[in-house]
Amino acid sequence: MNMRRLLPIGSKDRATVNYSMLSQFKPANIFRFFCLSLRRDEYYYVHTTLEELKRTTGDKSLNDFNKQFKEFLNIKPYYEDNGFVFKTRRNIYRVPPMEPECVTFSNNIIWIDLEAAHIGFFMQLVLISKFANIELTRPNITKLIHMDSKTYDKYTSALLGEELLSIKEGKLILKGKE
């Protein structure tokens, strides 16, 4: 797959994903949120452009990212004077603080050679395994995160290929290193 991702200078080495996000966003957006969180400052603000976020996530397009996260991240635009005739449009994102039910992931997860949606699905599985109190079976997972079986099979096979999980007696077993 050879995903090309760049981690910006000054990024944090870890970021958290809250369990409350699980059913609000699709897997790709959970991974995008994580990548955005890596750039937060000590006040949980992120000053960036969507182009910079695309380089971190490896995505070709981030259509509707701001629209989908508008209320969750309290997004405000601003313009930076860069010495050119036109100022650069940037956004200030307010990342919500950690909740009691959250999982912290290392920034090393961005180097896994999978699409954003597959890594986001893995993050969802970790959250489910820690806080949902259900067995990691297809019916339970698809019902909880509102995913169809075909997409579940596609994401699961990608994670099996990267040896991030295994299946035993119809149940998923997570194998992440961190």
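Which residues have the most contacts inside the largest nonpolar core? In this predicted model, they are Phe34, Ile109, Phe121 and Ile141, within a core of 51 residues. The elements that contribute two or more residues to this core are β1, α1 (27-37), α3 (65-73), β5 (102-106), α4 (116-131), α5 (138-145) and α6 (149-161). Of these, α4 supplies the largest share, 10 residues. Beyond four places in sequence, isoleucine 141 touches Phe121, Leu125, Ile128, Leu136, Tyr152 and Leu172. In soluble globular proteins, nonpolar side chains tend to be buried together.

Helix α6 has 13 residues, which at 1.5 Å a residue should span 18 Å; its end C-alpha atoms lie 18 Å apart, in agreement with that value. Tyr152, Tyr155, Thr156, Ala158 and Leu159 are the buried residues of α6. Seen down the helix axis, they fall within an arc of 160° and therefore line one face of α6. These buried residues pack against α1, α4, α5, β6 (165-168) and β7 (171-174), whereas Lys150 and Gly161 are exposed on the other side of α6. After α6 comes glutamate 163, with a positive phi near 60°.

Serine 11 lies in the segment before β1 (14-18). Its relative accessibility is 19%, under the 20% limit, so serine 11 counts as buried. Leaving aside residues up to four places away in sequence, serine 11 touches Leu38 and Arg39.

| Side chain | Backbone atom reached | Distance |
|---|---|---|
| Serine 11 | Oxygen of proline 8 | 2.7 Å |
| Aspartate 148 (oxygen), at the start of α6 | Nitrogen of lysine 150 | within 3.1 Å |

Note on methods: Residues are numbered from 1 along each chain as its sequence is written. This is a predicted model: local features need pLDDT of at least 70, side-chain atom pairs count only at pLDDT 80 or more; totals for chains, interfaces and linings use all residues. Side-chain values use heavy atoms; hydrogens and water are left out. Helices (H or I, at least four residues) and strands (E, at least two) are DSSP runs, numbered from the N terminus. Buried means under 20% relative accessible area, exposed over 50%, partly exposed in between (1.4 Å probe, protein chains only). A polar contact is a pair of N or O atoms within 3.5 Å; within protein, one must be able to donate a hydrogen and the other to accept it, and residues adjacent in sequence count only if both atoms are side-chain atoms. Contact means heavy atoms within 4.5 Å. A nonpolar core is a set of buried Ala, Val, Leu, Ile, Met, Phe, Trp, Tyr and Cys residues joined through side-chain atoms within 4.5 Å. The expected span of a helix is 1.5 Å times one less than its number of residues. The arc is that of the directions from the helix axis to the C-beta atoms.
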